[in-house]
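Look at the structure, then read on.

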Amino acid sequence: MDDRLQQVFREIFADDALVVTDDTTADDIPAWDSLAHINLMFAVENEFEIDIPDDQLGSFGTVGELRQFLEARAGAR
Amino acid sequence: MTTRQDDGRDAGAGAMRTGLDRARAAERSGDDAGAVRWALAATDAGDDLAAWSAAAGVIARCLPRTASLSRGARVAVLGSYTTSQLSALLPVAAARAGVAVEVYECGYGQYRQEILDPSSGLYRFGPDVVVLAVHAGEAQLPAMSQDPDADVAAEAARWTSLWDLLVERTGARVVQHLFAIPPDVALGHLAARTPGCRATMLAAVNAALGRAAGSRVALVDCDRLAAEVGKRRWFDARYWHRAKQAVSLGCVPLLARHTGAVLGAQLGASRKCLVLDLDNTLWGGVLGEEGLGGIALGDGPAGEAFAAFQDHILELKAKGVILAVCSKNNDADAREVFERHPAMRLRLDDIAMFSASWADKPAQIRQIASTLGIGLESLVFVDDNPAEREVVRQLVGEVDVIDLPPDPHGYVRALASYPFFETPALTAEDAGRAAQYRARAQAAQLAAGATSLEDFHRSLAMVATVVPLDEVTLPRVAQLVAKTNQFNLTGRRRSQAELAELAADPRTAVLCVRLTDQFADHGLVTVAIASQEHDVLDIDTWLMSCRVIGRTLEDETAGLLVAEARLRGCRYVRGHYLPTAKNGLVADLFTRLGFALVEPAASHGVRLDGACSDGACSDGAHADGAGANGLRSDRPCSERPRSDGGMPEHRSGATSWLLAVDDAVSPPGLIQITRTDRELEGTAS
């Protein structure tokens, strides 16, 4: 897992011990509600200096899908 | 606090992460107080949302296990937009301001219902402080009003009646977020002259709320915060449309910090005393090495930066901040700068406690606090030296330490960004209040009454001070002599040593003139050097900084030269104009001052340097265009270092001019003249 993505999750959920994998979903993290999701998306945009389009915003079923999206974006640049 | 970049993404994120790493390490080792301290320090370093969220987590876990904060408050956040992030960050921001808070957040957009309904969760919570976190979209104002005064008054009254209800029902203090005014205005610049435009009305409502806020209502000026970071950054349409975030998530930490600071001030937790280092903080250079005349202050870019910093400090004093000095210096030397340096803004009587010694700074700071009878948690320490800042952080942790950037031009912003000098209200005792009112009245008079240039000059209340050429002034005088191109009659360049030698010669008079007015201290701006030759006072050098051209100072300087001639028993004053590529500005000066052109033959004996020739006299017909009011000031400034550093190239057409002392016309008298160069001889007039 990307260190920066791991760090964003730990900071947004204020949990230093949090470990996310490609298979992690919102159901695995109790605090991952719709509000936390907005914070998470903002923090990811900020950290990776990208804009996530509206139609992608709610489309990530797993952390792995988010990671792949970020990698695709990084590769596209 | 670290100065943040104004653009783009959070420049302080790296520094925040360092603080957070230390906070986590402390937390893991069971050091809750250390974890709190480092988490709070991390929030000083930047505005990164994720890092703030992490810091908020540390505070939520560790703060309750320490008893480090003596103040506590129950805070209700009532919002018109999604305020969950603000509510989540408020505990860390309030803890930074010195208050442990428990937060209640009303439902989305429910602020009005919660206040109006006596059985709402708000009243069950029993708040000590209510934060009204509202955004511009919530203001009940039309896009264009037919009756803006009425609409503004009604909107302001809607909020003040909510305040009244809150205070009546809870006794709580209210923290009102003023409206941040969106930058996207369809009317464009026409909005500025259209009172009925929504943006204009929003500003008017802000102003009305400012006037209406009594002692129980504090304001957070969100429009200023938004402008500070850039409104395009503050307003993020994507997150408004996605999640009703009226404040960009990247700006919520800033809003939280300032809300915390204002809230803390309401509860008496604001800082009271600014402790100032001296060397490289109030002036440039080390006094012990450079000496009184060698420090950078007032003149030159760095000197202006330090002077501007002092001006800002004086504004803090005017709002009630106590000033103290904490310096490693000889006490007498340090005080001498305050007493003698002409560009010092701060005076000794501005400083409540002056501590200059070779004792370590933590010891000096403890002494300052005990002498002033205030707690260490009231102090804020400012020092350019990172080592001194660190030792104070470590040994007197209660003291807040402001990080100054390496470049003095950033000092004002670093200090202005520090939010914990917030005061609930200015009281009648606050120093400088009377002066503020006086300045306001004067500004009004200026606007109303300046119908002529003379009136304008009078209204400036200019004071010219003739100062001695000594160790303090010599560097600036040498700089002026080396760099002044436009208003420079002879263009002669001289070294510091040559100037000092001239000044020591009793036949030579050196006039060094500072100019101040009600708005600014212009510093040392004019130099005239004249030598007595029998019954003639011969002007060897006469120059003036371009920043004060067009203010009649040259007329007054001529008057001073005439007075000098009289004092020495001379019958004539003789001037020379040596044309250079850049001094056409003063080609007409002697004519305008009533001097008569002398035939070339009569100018023999005049000391002219090097390439200058006194033989080629022009016909005196100079078409410079300077009008009756003196010199034009609309020329580009060329007072800057010459790349060659040598003599300007003199052109042909040098002229000499003579004025009989008895024929001299009195100067216009629009500038008050004082002299500090003549203490022993008395004032010459």
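This is a predicted model: local features need pLDDT of at least 70, side-chain atom pairs count only at pLDDT 80 or more; totals for chains, interfaces and linings use all residues.

Residues are numbered from 1 along each chain as its sequence is written, while chains are lettered from A and ligands numbered from 1 in the order in which they are written.

**Chain B**

Helices (H or I, at least four residues) and strands (E, at least two) are DSSP runs, numbered from the N terminus. A residue is buried if 20 or more other C-beta atoms lie within 10 Å of its own, exposed if 12 or fewer, and partly exposed in between, with C-beta atoms placed from the backbone. Two residues are in contact if these atoms lie within 7 Å.

| Item, chain B | Value |
|---|---|
| Helices | 24 helices |
| Strands | 19 strands |
| Buried, of 685 residues | 46% |

**Cores**

A nonpolar core is a set of buried Ala, Val, Leu, Ile, Met, Phe, Trp, Tyr and Cys residues joined through C-beta atoms within 7 Å. The largest has 153 residues; Ala39(B), Ala55(B), Leu78(B) and Val275(B) touch the most other members. Its largest share, 10 residues, comes from helix 3 (residues 49–62) of chain B. Apart from it lies another core of 58 residues, including Trp657(B).

**Contact with chain A**

Chain B gives 16 residues and chain A gives 15 residues. Helix 3 of chain B supplies the largest share of the chain B side, 7 residues.
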